[in-house]
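This briefing goes with the sequence and structure shown below.

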Amino acid sequence: MSEFARRLLRRLGIAIITRRTALRMFIAIGGGAIVLDGFFGERSLQHLLIGHTALGLVLFVALLVVEAARPPRRGARP
């Protein structure tokens with residue numbers, strides 16, 4: 001892996017760790033919006049089955065990324 005990619009991934013990890021609560025809140029709001037749209041939106045069956053499944057999977061993967069981020073070791077430079 002190149003040095004640029006390694007630095008980018010490290011900065012992304014630090015950004016996720018420092019903003020973990022806000023990211024969880026956005027994921028929860030997104031999940032709630034998907035559920036409410038399923039009940040109150042008048043959309044086609046394809047929209048409900050395909051669109052909501054895809055968005056739910058994206059939110060699930062985002063939640064996994066947020067929860068799997070490990071805090072940096074003590075004394076490590078950013």
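In what order do the elements of the protein chain run from the N terminus on? They run α-α-α, and the chain has three helices and zero strands. The model is a predicted one. The points below are grouped by topic.

**Chain as a whole**

- The protein chain has 78 residues, of which 9% count as buried.
- Its accessible surface comes to about 6700 Å², and carbon and sulfur atoms account for 68% of that surface.
- When contacts between residues at least 6 apart in sequence are taken, 71% of them join residues at least 24 apart.

**Packing of α2 and α3**

- Helix α2 spans residues 20–40 and helix α3 spans residues 45–68.
- The two helices pack at an angle of about 165°, and their axes are 10 Å apart.
- Angles over 145 degrees count as roughly antiparallel, and α2 and α3 are therefore roughly antiparallel to each other.
- The crossing in which α2 passes α3 is left-handed.
- On the α2 side, the contact is made by Arg20, Leu23, Arg24, Ile27, Gly30, Gly31, Ile34, Asp37 and Gly38.
- On the α3 side, the contact is made by His47, Leu48, His52, Leu55, Gly56, Leu59, Ala62, Leu63, Val66 and Glu67.
- Sorted by class, the contact of α2 with α3 has nine nonpolar, six polar and four charged residues.

**Glu67**

- Glu67 is found in helix α3 and is one of the residues that make the contact with α2.
- The relative accessible area of Glu67 is 40%. Buried means under 20% and exposed means over 50%, so Glu67 is partly exposed.
- Leaving out residues up to four places away in sequence, Glu67 touches Arg20 and Arg24.
- Glu67 and Arg24 are 43 residues apart along the chain, and their C-alpha atoms are separated by 8.9 Å.

**Ala69**

- Ala69 lies in the segment after α3.
- Is Ala69 buried or exposed? Ala69 is buried, because its relative accessible area of 16% falls under the 20% cut-off.
- Leaving out residues up to four places away in sequence, Ala69 touches Ile16, Ile17 and Arg20.
- Ala69 and Gly13 are 56 residues apart in sequence, and from C-alpha to C-alpha they are 6.3 Å apart in space.
- Arg20 is touched by Ala69 and by Glu67, and Arg20 is also among the α2 residues that make the contact with α3.

Definitions and conventions. Residues are numbered from 1 along each chain as its sequence is written. This is a predicted model: local features need pLDDT of at least 70, side-chain atom pairs count only at pLDDT 80 or more; totals for chains, interfaces and linings use all residues. Side-chain values use heavy atoms; hydrogens and water are left out. Helices (H or I, at least four residues) and strands (E, at least two) are DSSP runs, numbered from the N terminus. Buried means under 20% relative accessible area, exposed over 50%, partly exposed in between (1.4 Å probe, protein chains only). Contact means heavy atoms within 4.5 Å. Accessible areas come from the Shrake-Rupley method with a 1.4 Å probe; for residues, only the protein chains shown count as cover. Axes are lines fitted to C-alpha atoms, for helices over the stretch in contact, and angles run from 0 to 180 degrees between N-to-C directions. Angles under 35 degrees count as roughly parallel, over 145 as roughly antiparallel, 65 to 115 as roughly perpendicular and the rest as oblique. A crossing is left-handed if the near helix is turned anticlockwise from the far one by less than a right angle, and right-handed if clockwise. Ala, Val, Leu, Ile, Met, Phe, Trp, Tyr, Cys and Pro count as nonpolar, Asp, Glu, Lys and Arg as charged, and the others, Gly among them, as polar.
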